[in-house]
Amino acid sequence: LREHDDAWVLAGGKDSLDWWKQRVKQPKTVVDIAGIQELHGISQHTDGGLVIGAMTTLTEISESTLVREKFSVLAEAAAKVASPQIRNAGTIGGNVSQDTRCTYYRDGFPCYRAEGNTCYANTPTAMNREHTLFEASRCVAVSPSDTGTALSALEATFVVKSAKGTRELSAGEFFIGPEIDITRMTALEKGEVLVSINVPGKWAGSKQYFEKVADRETWDFALASVAFVAKVD
């Protein structure tokens, strides 16, 4: 990644392959990180939380006894992603890092996010049911991540590495809106890789709830979703 500034990082490939088959994104260099064993797996942290490798599949997370017992909201969110076949290959790192699914942006329209000068989705007759109602800044597209909602509620932190060093970001710092950078959905910069997600023990075993509202049960993105964690006294 240090040698190639324009390198595309390939993990599970679910978002990447969608871009490539439409010929909208055509990177000259692809770096496959799937074989890096240190990026796989779920382990317990000393504070009672979990450390989840970015290459851990969504199926592994949804079926993990550790995750289900301590952080059921995350297991439920992971189980709601796409379809079983995609969850078997798709990773937690890819799910939180994927680009927005705005129809116009994905089809190559010259919108604000694609360095154009308009938002095709922000009109009453546009295809925008999965877009934001709040805090729009030129672009109304949102992150399509189901697990991102749950991880935000759990106050997870995201460990990011590059040749320059390591950063640890809160969910609020990792997921960014268009007012910060309209060309990205996350704080990941060129040359950086999400290596793990730390879920603190603070909310382990608490009351937790997740709900996703979508047009279809399988292979669809949320019209709205909610994640809830609480300790009741």
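**Strands, helices and overall form**

Student: What makes β4 and strand β7 (residues 193-199) a pair?

Tutor: Four bridges join β4 to β7, and the two run antiparallel; two strands pair if DSSP finds at least two bridges between them, so these two qualify. Within this pairing, L50 has V199 in β7 as its bridge partner. This is a predicted model, in which local features need pLDDT of at least 70 and side-chain atom pairs count only at pLDDT 80 or more, while totals for chains, interfaces and linings use all residues. Residues are numbered from 1 along each chain as its sequence is written, and side-chain values use heavy atoms, with hydrogens and water left out.

Student: Why is residues 50-53 called a strand, and which strand joins β4 through a hairpin?

Tutor: A strand is a DSSP run of E with at least two residues, a helix is a run of H or I with at least four, and both are numbered from the N terminus, so residues 50-53 carry the name β4. Three bridges join β4 to strand β3 (residues 42-44), again antiparallel, and I42 has I52 as its partner in β4. β3 and β4 form a hairpin with five residues between them, and in the turn G48 has a positive phi of about 95°. The whole chain comes to nine helices and nine strands.

Student: Which residues of helix α8 are called buried, and what does the word require?

Tutor: Buried means under 20% relative accessible area, exposed over 50%, and partly exposed in between, using a 1.4 Å probe and protein chains only. After α8 comes E155, whose phi is positive, near 60°. Over the chain, buried residues make up 44% of the 233 residues.

Student: How do you know that the radius of gyration agrees with a compact globule?

Tutor: The rule, 2.2 Å times the number of residues to the power 0.38, taken over C-alpha atoms, gives a value near 17 Å for 233 residues, and the chain has 17 Å, so the two agree. Along its principal axes, the C-alpha trace spans about 50 × 45 × 35 Å.
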